[in-house]
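User: Hello! I am new to this structure and would like to learn how to read its features. Could you guide me through it?

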Amino acid sequence: MAIATNQQITNYYDSYSDKEVIFSREILHTLRVAPRQIYIKCGGGQWPCIINSTSFKAAKIIIGRAGGAFAVITQRNAPPVSLRFCFFIDKGTETMSFFIAGKVTEVAQYMDSKELAVVTLTYTQRPPDDFIVKIGTLIEANINFVQRKEDRIIMTGEARHRLGIEKEDTLIYVQNVPRKCILRDLSFSGAKVVLLGVPKFLADKEIMLRISFDDPVETVDIRGTIVGAVFAEGRQDIVTASIKFDEHSVPSVYKLHINDYLTMTKKNLLDVSMQAQTAQAQTVEQAAATMKARLNAAASRGTSVQNIPNTIAGK
């Protein structure tokens, strides 16, 4: 994934400060959360808890009503509270952890359980940058999943390298039968692949497309439907198939990869445009400075008004 700049981190914090991320099993895996290393710290004690959700402003945790944590943090004039987050780094066992200070602002019953409680912790400090990047990129990917779902990424060698897809060939399961195919393009909402077959036997078939990434190493399976199938130009045995993903089955990991590519491409285009504008401005400034120098030289020599156009032209 791309390295976030200070400006990008600030934009995440300002734009998504109130957006809440629910820690489902998939999100825990996607963000590489170490759930057994999540703790609540208060009054000199530290207790494990379940992280339910978070934003940049607050978090909700689940704890037992009979435990020591509940007794301490819900007492009147309770001491300050800190929530410890812990994330695995890539796919290894090394972790990154930090505390975020907060205060208890709400205690509620967890669903129908009389033994568990949901405690809302409002942060009293801005979370660390690493936390903002983790949560911010996920929120951004979910937003772009809707707003940029039709943006296509043509599978050139450079695009595959930037996406972390080592090979252009992969597997597509057509009605649970595995078949080899070649990736032609990808988007949030679908893909285009080339495979052996006949269009009429592939059209409208349910499929599962397997995509393997190498940064970090992970494989995702995405369910969808072939919404278009035609013979490749000049061939009667090779089909180009257009796939529409089932939007409810698109993994968050895949969304992050596509979002990272699209946002970096947009940033690079903006950088190129800015460089072109800067170069153009510098050219204009240099031309103006040259003209001014020639006019000053002409004035010092006492050049007549009639000859000034020749002086400007450098004659």
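Predicted model: local features only at pLDDT ≥ 70, side-chain atom pairs only at ≥ 80, totals over all residues.

User: Which residues does valine 118 touch, not counting residues up to four places away in sequence?

Analyst: Residues are numbered from 1 along each chain as its sequence is written, and side-chain values use heavy atoms, with hydrogens and water left out. Now, contact means heavy atoms within 4.5 Å. Here, valine 118 touches Lys60, Ile61, Ile62, Glu106, Val107, Ala108, Gln109 and Tyr110. Between the C-alpha atoms of valine 118 and glutamate 106, which are 12 residues apart along the chain, the separation is 8.1 Å.

User: Where is valine 118 placed, and is valine 118 buried or exposed?

Analyst: Helices (H or I, at least four residues) and strands (E, at least two) are DSSP runs, numbered from the N terminus. Valine 118 sits in strand 8, residues 116-123. As for burial, buried means under 20% relative accessible area, exposed over 50%, and partly exposed in between, using a 1.4 Å probe and protein chains only. Valine 118 has a relative accessible area of 15%, so valine 118 is buried.

User: How many helices and strands does the protein chain have, and what share of its residues count as buried?

Analyst: The protein chain has 8 helices and 15 strands. Of its 315 residues, 38% count as buried.

User: At what angle do helix 1 and helix 4 pack?

Analyst: Axes are lines fitted to C-alpha atoms, for helices over the stretch in contact, and angles run from 0 to 180 degrees between N-to-C directions. Helix 1 (residues 6-15) and helix 4 (residues 129-147) pack at about 65°, with axes 9 Å apart. Helix 1 is therefore roughly perpendicular to helix 4; that label covers 65 to 115 degrees, while under 35 counts as roughly parallel, over 145 as roughly antiparallel and the rest as oblique.

User: Which residues meet there, in helix 1 and helix 4?

Analyst: From helix 1, Ile9, Tyr12 and Tyr13 meet Asp129, Ile132, Val133, Gly136, Thr137 and Glu140 of helix 4.

User: Helix 4 also holds asparagine 144. What is asparagine 144 in contact with, leaving aside its neighbours within four places in sequence?

Analyst: Asparagine 144 is in contact with Lys149, Phe188, Asn259 and Thr263. Asparagine 144 is buried too, with a relative accessible area of 10%.
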